[in-house]
Each structure stands twice: as structure tokens, then as C-alpha cells.
Amino acid sequence: GRGYHPNMNFEPDVIVTEEDSPRWRMVVEAKLDFDDLKQAESALKRYMLGMRAPLGLIVAPTHLAIYRDRFTDFSDDSIKLVGDFEVPPGWFAARASRGTGGKSTPDPEQAFAFQRDVQAWLEEIASTHVIRDFSPEAREALAEHVLPALAGGVIRAAGPRELRAS
């Protein structure tokens, strides 16, 4: 079946850890298909809880959702949606080629390219401290939550996609 099975191992696409420390700062899921947000969200929350990651992002070609663990307890309730923001039109469009229509899954190369785009965008924010093109609300949320996680953090692909021949 498509989407996540509750017991399926969730693997984020990009992770941010502290330099010289295994502590997690942020978990990023890059999804070309935003249809199964609820499933992606619950999987992300479980992963954040398991890894004690304070921040989670789900990035799709049209949407960006930011999640924050308030560490109030050890359940999903501790993790709140900071905001679901629109990604500027056409921003990742070179990669997304108008979604998948819900029928077929994106081909792996497209998915890897999108993950690389998302990682490159995070690296750009980390080095420039500039968040371009997003709405003021989105920029404010990114500046408040994502920028501090990136500052002095190590951004890397979580999966072995760099091992693939391009």
C-alpha cells in the first residue's frame, strides 16, 4: 500500500546534529507528495520523540510544516505544529514537475533531487542567515526555530543517497 505503515521504519531525509556531539537538532522529511501529510506527521513525531530531536520539518514543493517538541511529556502531545506555510510558487518547481497526481509515486531520482534541493536550501540559510522569498510569517517562524538549529550545526543527508551513481 502507499504511504506509511505505522510500524514501518521512518528514515528522515536530512538531519542536523550538533558539532562534536551526537545530539540531534532537527529532523527533515522532504516529500514530493504532500497528500499523506497526516501519516508523515505522525511518523515524524514518533521519530522526534525517539531521537529527542527538538525540531522537525516536513518540506514539500508547495508546503513547509515546522514542528517543535516542547518536551512537556513523552508523547506526541508534546510536539506541536508551529506552522504550515506555503512554499513560494515555483520555488522547488524545477524538481517537482507538477506533483504526481496522486496515482503514481515520484521516481526515485526525482525524490533524491528534491532532497538535495532541500538540503542545499538549508545549507544556504545556515551560511547566509537569509531566508528569501517566503511570507513574513514563514520567515519569522524559520528565523525563530530553524535558524538557531542550523547555526553551528552539521547538516547532512540521513540516507545513503550520495552513494548512488548520478
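Does Asp20 count as buried or exposed, and at what relative accessibility? I opened the notebook with that residue. The model is predicted, and I kept that in mind throughout.

**Asp20**

I looked up the accessibility first. Asp20 stands at 82% relative accessibility, so it counts as exposed; the cut-off for that class is over 50%. Next I checked the backbone. The phi of Asp20 is positive, near 60 degrees, and the residue is not a glycine. Then I placed it in the chain. Asp20 sits in the loop that runs between strand E1 (14-18) and E2.

**His129**

I then turned to a second residue with positive phi. For His129, phi is about 60 degrees, and this residue is not a glycine either. Where does His129 lie? I found it in the loop between helix H3 (108-128) and helix H4 (136-150). Its accessibility came next. His129 has 48% relative accessibility, so I logged it as partly exposed. That class covers the range between buried, under 20%, and exposed, over 50%.

**Chain overview**

I stepped back to the whole chain. How many helices and strands does it hold? I noted four helices and six strands. In sequence order they read β-β-α-β-β-β-α-α-α-β.

**The sheet**

I traced the strand order next. The six strands make an open sheet, ordered E5-E4-E3-E2-E1-E6, with mixed pairing. Which strands are at the edges? They are strand E5 (79-86) and strand E6 (153-157), each of which pairs on one side only. From one strand to the next, the twist averages 15 degrees.

I reminded myself of the background. Strands of a sheet pair through backbone hydrogen bonds, in either a parallel or an antiparallel sense.

Strand E2 (residues 24-30) runs parallel to strand E3 (residues 55-59), and four bridges join them. What is the bridge partner of Val27 in E3? I wrote down Gly56.

**Burial, contacts and surface**

I finished with the totals. The protein chain has 166 residues, and 45% of them are buried. Last, I checked the surface. The protein chain exposes about 8,900 Å². Carbon and sulfur atoms supply 51% of that area.

Key:
Residues numbered from 1 in each chain as written. Predicted model: local features only at pLDDT ≥ 70, side-chain atom pairs only at ≥ 80, totals over all residues. Heavy atoms only, no water. Pairing = 2+ DSSP bridges. Helix = DSSP H or I, 4+ residues; strand = E, 2+ residues; numbered from the N terminus. Axes fitted to C-alpha atoms, helices over the stretch in contact; angles between N-to-C directions. Buried < 20%, exposed > 50% of the residue type's maximum accessible area, 1.4 Å probe, protein only. Areas by Shrake-Rupley, 256 points an atom, 1.4 Å probe, with all protein chains shown as cover.
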